[in-house]
Amino acid sequence: MISLQEAVDDLYRIALVEGKRQSPNRLTMLADLCVEQLCQRGIVDAAKEIRVPGIGRAKIWDVGWPPEGKVRLGISLKSLLRNIPGTVPNRIDDLAGEMANVQLLSPEIVTGYIMVFDTAGGGLRQDGQTWVAFFREAVDRLSGRDAPAWAAGMVESSAVIEVDFSAGPRIVQAPDMDSFFDRLAISVKTRNPDQFTTEG
């Protein structure tokens with residue numbers, strides 16, 4: 001099984017050591033971790049790079065289930081490694097927009113969001129709050145989507161992973177990833193009971 005530290009190590013290697021911060025492969029191991037964790041919870045055959053239809057346009061999501069037919073679960077993976085003050089507000093808007101795009105077409109879809117946030121270059125906002133705390137609070141407000149409150153632009157479950165890449169691939173603060181995946185699996189099974197004849 002892939003550990004969160006191994007996924008962070010891989011991101012660090014690609015983005016910092018190899019200097020490929022925008023590489024489409026920088027979060028591949030994190031996507032593999034998601035697939036493994038979903039399978040452990042009975043969501044088998046989840047896959048990477050799944051095309052998910054949206055109200056505005058279809059988009060490739062990092063992880064999706066099932067790989068063929070109507071997509072019932074999508075997980076978006078992001079990393080924020082530089083230009084933190086200039087990027088955080090846009091990433092919050094992007095999160096809400098990305099989710100609303102698919103949810104306005106398929107309100108029942110289950111969505112997850114993982115952000116790897118490098119705090120090394122973050123610093124403080126003018127109000128004295130750290131940028132990562134500001135970002136996490138915004139993501140928390142956009143999390144917990146469930147019936148009957150099917151608000152478009154929110155996610156069922158989210159995880160902000162704090163790292164410090166200034167001297168290596170160090171995880172500063174990790175969320176409870178078991179809870180993250182548990183919430184997604186429960187939501188998928190609850191909304192799609194016909195897809196699960198037995199628990200597993």
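Colleague: A charge sits over a ring if NZ of Lys or CZ of Arg is within 6 Å of the ring centre and within 35 degrees of the ring normal. How far from the centre of the ring of Phe134 is the charged end of Arg125?

Modeller: This is a predicted model, in which local features need pLDDT of at least 70 and side-chain atom pairs count only at pLDDT 80 or more, while totals for chains, interfaces and linings use all residues. Residues are numbered from 1 along each chain as its sequence is written, and side-chain values use heavy atoms, leaving out hydrogens and water. The charged end of Arg125 sits over the ring of Phe134, and its distance from the ring centre is 3.9 Å.

Colleague: Is H1 roughly parallel or antiparallel to H2?

Modeller: Helices are DSSP runs of H or I with at least four residues, and strands are runs of E with at least two, numbered from the N terminus. The axes (lines fitted to C-alpha atoms over the stretch in contact, with angles from 0 to 180 degrees between N-to-C directions) of H1, residues 4-17, and H2, residues 28-40, come within 7 Å and cross at roughly 160 degrees. Since angles over 145 degrees count this way, H1 and H2 are therefore roughly antiparallel.

Colleague: Which residue's ring pairs with that of Tyr12?

Modeller: Rings of Phe, Tyr and Trp (its six-membered ring) pair if their centres lie within 6.5 Å, and planes over 60 degrees apart count as edge-to-face. Tyr12 lies in helix H1, and its partner is in the loop between strands E5 (157-164) and E6 (170-173). With centres 5.1 Å apart and planes at 75 degrees, the pair is edge-to-face, and the partner of Tyr12 is Phe165.

Conventions
Parallel < 35°, antiparallel > 145°, perpendicular 65-115°, else oblique. Phe/Tyr/Trp six-rings, centres within 6.5 Å; stacked < 30°, edge-to-face > 60°.
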